[in-house]
Every structure is written in structure tokens, then in C-alpha cells.
Amino acid sequence: MAAPTLQQPSYLLANLKADATTKTLLQRCQDLVKIIDEYPAKGPVKACIQQGVLPDCPLFHNKLQFPPAGLLTLNLALNPFEFFMFNFAYCLITPKVRNSTDSAYFVLVDNYLKYFLPSEGSVPPSPFSDSRGSVTAPSPRYLHVSFAGYGVHSPSLLKHHIFHQPSVNADPAAQEIWRSETLLQMFVEIWLHHYSLEMYQKLQSPQVKEPFSPTEEHVLVVRLLVKHLHAFSNSLKPEQLSSSPSAHSHTHTSPLEEFKRVVVQRFVQQKLYLFLQHCFGHWPLDASFRAVLETWLSYIQPWRYTGEKTNPQQEQNRTVPDKWESFVQENLLMYTKLFQVFLNRTMRTDLVNAKNALMVFRVAKVFAQPNLADMIQKGEQLFLEPEHVLHHRQPRGYLTPSQGGSYLSSRQRVMTDMVFRVKSHVYALEGQDCQYKQMFGTELRAAVSRERLIQIIAQAGHTAKRISDHSNEVAANNSFLSWFGMGSSDTNTTFPGAEQEESGECLKKTHEFLDRALENLCQIFKLNQGQLSQLISNLGSSQDDGNSKQLPDCIQGDNGLILTDLGRRQIISGLRRFEIHYQGDPELQPIRSYENALLVRLFYKISSLVNNRFGGHMNALCSRPDFLGRLGRHYLSEQETTTKLKQSPMTQRTLERNRQPRLSLRPLASYRTILLLLLFYVFGALLSFGPVSSTLLILTGGFLYGLMMTLFGDKLKTH
């Protein structure tokens, strides 16, 4: 059966369709050739096989079928179970498929994991067993992998190590879990970012365009896999968990129990690390990153999936048990490097947004769990042990004093084993020449405590609180003035830096999340709480003094002001902003959602005719210094025309405003005004007033209101 081909991203198709009307046929063909070369339609498994290299996974070993001479198709021989699981796993990364947590696909994945990787009991027997209990090999199906364009006419052109495939384990006891291993390997190989370390390092170059881009649904399914694997591994019996590998080999342990022992480290760790590192580096800076974040937090907290029931109060102050120290050490980079990458994302994220603030709080809360930071710091110390420690490793014997040696205590051997495990883990994931950056080193601690991170979080929290207070105040004022028709018609009561759909309650939560995140960061890095309180106090006083009204940090360029990195962060966090004022004709502003478009255009034409005909008279009236002039200025709004004058090479500009009185009927096009007038006419009809009488009453009321505002307006503004 032919394997389905991956579809290209939708934006490529959109660009091609857009170019169809602007480019010639030759140009479009050239663009198409370029896209085909840069975006090959394959995932990494197929790419490796086409290059003659099998993925580093025993699932595909001994399944390669070489083509006869002259054919350009390579076959993978998969039995029906493997073939089904291959296509089932492949459905997740098909661009057209969109799966949510309540979809059939998500439910099927959960059921398959519980059935083939059971936390309790054993794996159900294979349907391919005969009457004697032995497993019969199902007839294979074939996946055809084309080698067109590679010039392959004989197997000799394939990479050498394909011919050195390990033999399949023929132990009958191991057949008990062959479907469990197949399921897991198929999921891991297709879902996770399973390029080799060398290939992944090449893909970090900005010149390389990688087609791999997981969706949010893809990441959610990976998280489901991670959570189940932790529960599956944690269901290992205590006696099997505590036994050493050497002693374990002499005991009668079932293949399923052995599988539980090694499932996370051997099958998932490296591929998941590359997958998460890719997502951390390429995912958009928005709230959809929560799926990636929770997948990472699920993996680094295996103690949450032990099956033990704890109440929420105990969970808040729960200490990480010491038995998980080896897991932390063997997954050190999952904690340290990804944490540092997350901090870099945090400094480029809008933390005034409640969803982003929640993610910062979640990470800080997880790493602030009692005993976890100490475990991570100890793992870093083990990795930084000198290299000669490994050369003195003596697993079973010792050197006598007469031989120039000394007896090695069991504690020394255990310490040497721990150093070896940590170094092996780091070098396996990052390479022998990696430059390890400590999570608890002086550089990162200084960046957290004295430089940007704490300040950015504190500023965002203060800004969120200020926006929340302002929004509540404006909402309260509008609710009171709206009864008199004097409320603001602008529904935007938030400052820049907050999303339009966020309410004051959401911003209040943002402030709480960030405050608690600061407390947790102080616990993680053992920072001085007094210094943090002083920083927040100074920040609040400086912003209350008017810093929030200053312009963002900029430098003067040839074409005007240029934002610095600090200025960008100030705008993202809502700390500072450019004051933007509409300086054109207010009558020509875009039609608002609370206005009737037809009436806006109609009233504009009427007012324009009146202003053009009687503009001179209105100007003369408003120029008078007496009471009539003040009354005219109240009813006739003044249009501001702006003239920009270039005064110096520094492109400084001043505004010269010429005020011209004019009639504006646009407020009458507001739906609120229309509703109030309609209600007034209905009320007048109930009192036996006709339309003419009601209109005269409205005009009289408007005149009396203007008269009072002209006489007492200045006193009211003073109060």
C-alpha cells in the first residue's frame, strides 16, 4: 500500500493563488520549483529512509525490502498491526486533521495507551496466538518509499549501517509486549521531533527552513502520551524498582515490568527533549504556548502520576520525595536548559495578558516545590565534577594499598555512578562539545535578581493593577453619567498593553499571578525578599510620579525616532506608550460600531452644507467676547486644523492650531441618542403630546441645558 503524502502548509497555497493573477506562467513555475525544493513533502521518517538511513529505532530494523535492479521504490515490510498503527499515528500530523481533547482521535489514543500499556495487570494476549500459545507472525504489508531522483539502482548505494541491523529478539517471553513496544515506538517516531542530534543542530541555522511545525492539538496528544507513560512507569512494583540492574537480571521479572523500568529514559527522553526545545524556540509568543508548557511540566513532574490521592491543601506544600533525585539528575537538561529558554521567552512576552501571566506563575510554582531546586542544583554540581572522577570508577574491585591505590567506599562508587549518569545524559542530548550554562550559576542568578526579569515581572504586575483600577473607575463613572446621557461613548476603557476583551477582573488576576510568581522566584533562587519589596515600592512610586506618561525608550535616527529593545518591552508590557491623537476632521473619523452608517453620511452632508453656507456668520458669532459668543462656542464645535513646522535638523515639530467653529450633527447618528429620542417621543405620546410638541420640548430642553452650562460650566469644572 502506498503511504499518503504530506500536504503543504496552507500559506504556501495561498501565496501561489495570490501570485496567479500577478505573475507570468514562467515565474509561477519557477516559484513552484523553488517551493518543492525548499519544502519537501515528507516527515522525518520518510526523509531518512529516502536518504538510505533508517531512523535510530529498532522498529524499522530488518523491515527494509530492497528493490530489484532498475526499480526506484524501497519497501518497508510491516505486519497489519504495525501498518495500522503507522497510519493511525500519521493522522495526527496531517494538516487537514484538527483534533480536540473531546474528539474521537484523542479518545482512541487514550484507550490504546491504557490497553497496550496497562498500569495494572498484564498486556492482553495477542489475537495472533495459536492453540499452543505461541505467536504467529502476521503477513506483512508494504509501505512504498520512492527513490525517484536519487538514482538508486542497487542496494549498494544505501548507507552502510543499514546492513548491520540487530537481529529480532526471538525470546518467547518477550513476545508478550511486542505490540506494546510497537505502539510506543510508532507514536514516538511519528509524533515527536525525531531528527538526530547532528541534524537538529544544523536545523538551528536561520538559513535552514524546516517543514516540521506541530499544531496545538499535536502537542496535546503528546502530553497525553507523557502523562500515561509516567503512570505506566510508576506502576512498577517497589521490589523491582529498588533492585539494581545486575541483580535484576538474575530474577524472574516479566518483560512488562522490565519495559516499565526503561520506557521513559530509553524510548522518550531524547526525542521529547528535541521536540520541546524546537517548540520553545519556534512557538509564537501567545497564549497557545500553554499546551507546550503543560507538556513540559507534566514530564518534569513524574511524582504527580503515582496514583496516590492527595487533597489540594497537601498538594500546595508537598515536598518532592528524595527517590526522584535520580530522575532529576538523569533529566537535568529538561529542568535547567528549558527553564532558561522559558525565561528568555518571558522577557519578550506581554505579561499584562492574564493568560501569559498564568504561564509564568505555573512555571515558578512548579520549580518552587520544596526540595526540587536543591535536587537540580546537586545535579549541576555533579555535572561540573572534574573529568578525572570518571577515570577512578571501580564498579566491582579495588586497588590494594600495596598497589598504590586505596579502598573505594560504596559511597564513593555511588557518587561516581551519579556523576557518570549526569554527564552521559548531557552529552547524549547536547553533544560532547556542549557549553553548559548553569541554572543556579552567578550569571543567571544576576539576570533574575538584579537585572531584567524581576523588574519586567514587577512592572507588568504594577501596570496590570493600574489598568484594572482605571478601568473600574471609568466603568463606575460611566454607569452613573449614562443615566443623564453624559457618559463617554468610547467603550475602550483600558490602556494600551491590555487586550480589548480583558476586563478589570482579568487584570486583577494578572496582578495576583505575577506577585505570586515573584515570591516563588525568590524561593527558587533564594533572593532577598526585602530587596524585592523595595524594588516594587520604588517602581510604584516612580510610575505614580508620571513615568507611565513618558515616551518609550528611543534613539534619534535619520528618519525619526527608533525604538530600542527596552522601549519595545515597555510598549509590550504597557509601561509606556506614544500619545496618539487624531488631528484630522472629527467628522471624517471611521464610523463606529455604535453609530448608524447611513445617518452618519446623511448628517455629514447636511452639516457640510450648513457650514459652507453660514461659516462666516458662525465665525463672527463665536468671536464675540460676550455671553452670545460663549453660547455660540458651546453649541458650535471647533475644528482643529494642524500645520507641521520643521524647526531644526532634529526633526522637532510644533503644532499650530487654527480653530474654526462649525455645526456637527454626528452625535445624532448614535444608536444611544436615537433610542433616547424614541423613548422620549413614546413618553410624549403617552402624555398626549404630538410629534411637533415633543420636538419643541426637546429643542427647548437642549437650549436650557446649553444656557446653564454657559453660565455655570466653569464653576462645575472647578468643582
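# Why these labels?

Modeller: In this protein, among contacts between residues at least 6 apart in sequence, 75% join residues at least 24 apart. Contact here means heavy atoms within 4.5 Å.

Colleague: What kind of model is this?

Modeller: The model is predicted, so local features need pLDDT of at least 70 and side-chain atom pairs count only at pLDDT 80 or more, while totals for chains, interfaces and linings use all residues. Residues are numbered from 1 along each chain as its sequence is written, and side-chain values use heavy atoms, leaving out hydrogens and water.

Colleague: How many helices and strands are there?

Modeller: The protein has 28 helices and seven strands.

Colleague: Why are Phe 88 and Tyr 105 called a stacked aromatic pair?

Modeller: The structure holds 26 aromatic pairs. In this one the ring centres are 4.7 Å apart and the planes are at 20 degrees. Rings of Phe, Tyr and Trp (its six-membered ring) pair if their centres lie within 6.5 Å; planes under 30 degrees apart count as stacked, over 60 as edge-to-face and the rest as tilted. Therefore 4.7 Å makes Phe 88 and Tyr 105 a pair, and 20 degrees makes the pair stacked. Phe 88 is in helix 4 (residues 80-90) and Tyr 105 in helix 5 (residues 104-116), 17 residues apart, and the pair links these distant parts of the chain.

Colleague: How do you know whether Phe 88 is buried or exposed?

Modeller: By its relative accessible area, which is 8%. Buried means under 20%, exposed over 50% and partly exposed in between, with a 1.4 Å probe and protein chains only. Phe 88 is therefore buried, and so is Tyr 105 at 9%. Buried residues make up 39% of the 719 residues in the protein.

Colleague: What makes the pair of Phe 383 and Tyr 436 tilted?

Modeller: The ring centres are 5.0 Å apart, and the planes stand at 55 degrees, so the label is tilted. Phe 383 lies in helix 17 (residues 372-383) and Tyr 436 in the loop between helix 19 (410-430) and helix 20 (442-449), so the pair ties together parts 53 residues apart in sequence. Both residues are buried.

Colleague: Which charge sits over the ring of Phe 383, and how do you know?

Modeller: The charged end of Lys 423 does, at 5.0 Å from the ring centre. The rule asks for NZ of Lys or CZ of Arg within 6 Å of the ring centre and within 35 degrees of the ring normal. Arg 345 also lies over a ring face, that of Phe 289, at 3.8 Å from the centre.

Colleague: Why is helix 11 called roughly parallel to helix 15?

Modeller: The axes of helix 11 (residues 255-282) and helix 15 (residues 332-346) come within 10 Å and cross at roughly 10 degrees. Axes are lines fitted to C-alpha atoms, for helices over the stretch in contact, and angles run from 0 to 180 degrees between N-to-C directions. Angles under 35 degrees count as roughly parallel, over 145 as roughly antiparallel, 65 to 115 as roughly perpendicular and the rest as oblique. The two helices are therefore roughly parallel. Among the residues making the contact are Leu 276 and Cys 279 of helix 11 and Val 341 and Arg 345 of helix 15.

Colleague: What makes Phe 367 buried?

Modeller: Its relative accessible area is 1%, so Phe 367 counts as buried. Phe 367 is in helix 16 (residues 354-367). Not counting residues up to four places away in sequence, Phe 367 touches residues including Trp 296, Phe 339 and Ile 524. The C-alpha atoms of Phe 367 and Ile 524 are 6.7 Å apart, although 157 residues separate the two along the chain.

Colleague: Why is Ser 688 called exposed?

Modeller: Ser 688 has 70% relative accessibility, so it counts as exposed. Ser 688 is in the loop between helix 27 (671-686) and helix 28 (691-718). Its phi is positive, about 70 degrees, although it is not a glycine.

Colleague: Why is Asn 371 called partly exposed?

Modeller: Asn 371 has a relative accessible area of 23%, so it is partly exposed. Asn 371 is in the loop between helix 16 and helix 17, and it has a positive phi of about 85 degrees although it is not a glycine.

Conventions. Helix = DSSP H or I, 4+ residues; strand = E, 2+ residues; numbered from the N terminus.
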